[in-house]
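I opened this model to look up a few strands, helix contacts and backbone angles. My notes follow the display.

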Amino acid sequence: MGVIGRMRGSSGRRDASARETDVVILGAGFAGLMAARTVLAAGKDVLVVEARDRVGGRIWTRPAADGTPLDVGGQWVGPTQKRLLTLIEELGLSLWKSYDSGKNIQLLRGERHEYTGAIPTHDPLAAAETMETVLALHEMASEVPLDAPWQAPHASEWDSQTFHTWMYANVNNEAVRDLLTLCIQAVFSIEPRDLSLLHALFYMRSGGTLLNLISVTNGAQESRVTGGAQAVALGMAASLGERVILSAAAHTITQDERGVRVETSAGAIEARLAIIALPPPLAGRLRYVPSLPGYRDQLTQRMPLGTVIKAQCLYDVPFWREAGFSGQAIADTGAVHVAFDNTPPEGRPGILLGFVEGDEGRHWGRESAEARRAAILASFERFFGPLAASPREYVEQSWAEEEYTRGCYASFMPPGVWTSYGEALRAPIGRLHWAGTETATVWNGYMDGALQSGERAAHEVLAALGV
């Protein structure tokens, strides 16, 4: 397979049982698969090892009882996610627009209001301060270099506080603080107190603006992949064929001057270089020989994942549309703080989607499945009336419980991490290179960012191979 440097045992002889390749990639999510395609297209051989029995990582499409594809992981495609849009077209897949017509619902501080657009407007003063705050955040974010946030002019100041601290020091209106809290929960699946202000600003610039991140039309939630988002991963994997090895959980990575050896539950692989396309906390659980430098290992200790349970309720029809509602709702109490209409393009079955995020996700993830289902249905009933309490099918996915994920949507930076450890995020360690949406500069945390990271890591190893 064109491998020059081979790992050898203590006797100096090559391990004849190990598979050999130029580049071995850990993780068959969007990042790992894109890296593999890029390496292969350049004429070098590659193998991808995946712990799960499927490809896609945090993107997973499962059928409902009637066969309707349900995205229980990431699902949306925004209009500025150019890499993802290009790949979807290349794979012969299609998109359809998320439903975004009718009135949205807001339940805050015990009051119910209906509105249209991304921001509630029933309180003119709150709406004005919301826009002022969004613009202020955008101006601050514009100062953050996407490839080196720690070099921002105010990096030390911004990385020394949480988003919560900044919000309470700079936003006077309680209703605006409530909305910003919901934004952080919805975008990161954490609480404002968990998050470095610098990371929040980096993330907003990475995705364009805060409004881009929370909007449907012209925003990050604008479109869906026909048949489910995992079809993108399946299309990439199909072009790689037997180079993708499933049910192969990696546990040890050894490197020396001759190459890399990755030991998995399905056998060993020897290569010249490796790309580790895993969330940083999972990458930190692998055994490295020799050990990773402390600086890199401590980074992986400081990049936790968010907590989210994604729940979908199926009904014969989207009854809320007939009542003039979009299916979008926000609330500051109850299990579900953010809801969407997830009905397929043909209009049946009607599907309501609810996210249980941050503190709510941490709480309800510890409760029984029955109690959690009851709490989620109670939230939908508060939003859309008694018909919402009796779905014909209920499907949920708790990503913190996934052995090879342990949280969603992505890892984030608490205070102090960007300025203390940011330089280690993408820096190769010998023959080891790093990918994954957490390492992206554009659309960090999203499918598009994962693709960007895979391309970047692939080009690094190709350069090391002299291509």
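I started at Arg 406, which lies in the loop between E21 and H15. Helices (H or I, at least four residues) and strands (E, at least two) are DSSP runs, numbered from the N terminus. I noted that this is a predicted model, in which local features need pLDDT of at least 70 and side-chain atom pairs count only at pLDDT 80 or more, while totals for chains, interfaces and linings use all residues. Residues are numbered from 1 along each chain as its sequence is written, and side-chain values use heavy atoms, with hydrogens and water left out.

I read a positive phi of about 70° for Arg 406, although it is not a glycine. Arg 406 is partly exposed, with a relative accessible area of 34%. Here buried means under 20% relative accessible area, exposed over 50%, and partly exposed in between (1.4 Å probe, protein chains only).

In the loop between E21 and helix H15 (417-421) I also found Tyr 409. The peptide bond from Cys 408 to Tyr 409 is cis, with omega near 10°.

**Other backbone entries**

Ser 189 sits in the loop between helix H6 (174-188) and helix H7 (197-206). Its relative accessibility is 0%, so Ser 189 counts as buried.

I then checked the bond between Val 289 and Pro 290, which is a cis peptide bond with omega about -5°. Pro 290 belongs to the loop between strand E16 (287-289) and helix H11 (294-301). I recorded these angles because most residues other than glycine have a negative phi, and most peptide bonds are trans.

**Strands**

How many of the six residues of strand E21 (residues 393-398) are buried? I counted five, so E21 is largely enclosed by the rest of the structure. E21 pairs with strand E17 (residues 308-315) in the antiparallel sense over six bridges. Two strands pair if DSSP finds at least two bridges between them. I noted Ser 398 of E21 as the bridge partner of Ile 309.

Next I took E15 (residues 273-276), where Leu 273 and Ile 275 point one way, Ala 274 and Ile 276 the other way, and all are buried. Strand E2 (residues 23-26) runs parallel to E15, joined by four bridges, and Val 24 stands opposite Ala 274. Strand E22 (residues 432-434) is also parallel to E15, with three bridges, and I found Trp 434 opposite Ile 276.

**Helix contacts**

I looked up H3 (residues 124-141) against H7 and read an angle of about 90°, with the axes 9 Å apart. Axes are lines fitted to C-alpha atoms, for helices over the stretch in contact, and angles run from 0 to 180 degrees between N-to-C directions. H3 and H7 are therefore roughly perpendicular to each other; angles under 35 degrees count as roughly parallel, over 145 as roughly antiparallel, 65 to 115 as roughly perpendicular and the rest as oblique.

The contact (heavy atoms within 4.5 Å) is made by Leu 137, Met 140 and Ala 141 of H3 and Leu 197, Leu 201, Met 204 and Arg 205 of H7.

Last, I read that the axes of H1 (residues 30-41) and H16 (residues 447-464) come within 7 Å and cross at roughly 40°. H1 and H16 are therefore oblique to each other.
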